[in-house]
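Open your viewer and get the selection tool ready.

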Amino acid sequence: MKSIGLLAFLLLFSGTSSSAVSSLEFSDSGSPNMSITLGLLKEVYKRIGITVTSKILPAKRALIESSEGRTDGEINRVFRVGEVYPTLKRIPTSIGRNEAVVFSKQFNFTVTDCAALRKYKIAITRGNVFATNCAKGLDFHMLKGATEILFFIEYGRADITIANKLNFLHSMKKSGVSSIHPLSPPLAIVPMYHYLHEKHRELIPKVDEVLRKMTESGELDRLRKKLTEEFLGSI
């Protein structure tokens, strides 16, 4: 009987509690937005005594790894991810945003909606769902990536593109292109959320409290701006 009691005691306390976690590794698709948000998360988790690293994976694979608990969660994803992957628990306060923006070399105009792009030749990246839906019924080329789009706009084969603002600015910097500029306002602003695997659900209120306070004080936006400038300036 004593041995059974001892075994039960050992089983009860042998698991690692989320409250005792000292480090976490998150899935990371390697995009510029992810890199900057990882910097934000390092500061958020530092305030609750946890160090953060990431594991670079293809976007779809990253979700498989995090949802099955082989990584500890997602750096940032759209709201719907929490509904599609129930093992991933959304931190209620948004960690950032993705901006869908029109870029052009030759034209300057106030962006109102997708219909306002009707008279322009558009180049979009294959796989960009928002841009594809926006360009339906319009004159557009579907291209492999940002490098091709930059070439099309630079040499007049397209007038504009619809792209994630930060990702496209990153591609411009890497390619040494400075003649193309973003137009305003954005066509869409999509809130992004940080996710933890359910095994760390005890951390959710702690992380959300830090994130909420940093958001309300404006500290999160200031840090994001600083990290963005440093990221683009390092290219």
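Here is a short tour, from the overall view down to single side chains.

Before you click, note that this is a predicted model, in which local features need pLDDT of at least 70 and side-chain atom pairs count only at pLDDT 80 or more, while totals for chains, interfaces and linings use all residues. Residues are numbered from 1 along each chain as its sequence is written, and side-chain values use heavy atoms, with hydrogens and water left out.

**Stop 1: the whole chain.** Along the principal axes, the C-alpha atoms fill a box of roughly 80 × 35 × 30 Å. Of the 235 residues, 43% are buried, meaning under 20% relative accessible area; exposed is over 50% and partly exposed is in between (1.4 Å probe, protein chains only). Among contacts (heavy atoms within 4.5 Å) with a separation of 6 or more, 76% join residues 24 or more positions apart.

**Stop 2: Phe-103 and Phe-168.** Now select the aromatic side chains; the whole structure holds 6 aromatic pairs. Rings of Phe, Tyr and Trp (its six-membered ring) pair if their centres lie within 6.5 Å, with planes under 30 degrees apart counted as stacked, over 60 as edge-to-face and the rest as tilted. Zoom in on Phe-103 and Phe-168, a tilted pair at 4.6 Å centre to centre with 45° between the planes. Phe-103 belongs to strand 5 (residues 96-104) and Phe-168 to helix 7 (residues 165-175), so this pair ties together parts 65 residues apart in sequence. Both Phe-103 and Phe-168 are buried.

**Stop 3: Phe-107 and Tyr-120.** Which kind of pair do the rings of Phe-107 and Tyr-120 make? Their centres are 5.0 Å apart and their planes stand at 70°, so the pair is edge-to-face. Phe-107 and Tyr-120 both lie in the loop between strand 5 and strand 6 (122-125), 13 residues apart. Colour by accessibility here: Phe-107 is partly exposed at 24% relative accessible area, whereas Tyr-120 is buried at 7%.

**Stop 4: Arg-90 and Phe-79.** Finish with Arg-90, whose charged end sits over the ring of Phe-79, 3.5 Å from the ring centre. Sitting over a ring requires NZ of Lys or CZ of Arg within 6 Å of the ring centre and within 35 degrees of the ring normal.

Technical notes:
Helices (H or I, at least four residues) and strands (E, at least two) are DSSP runs, numbered from the N terminus.
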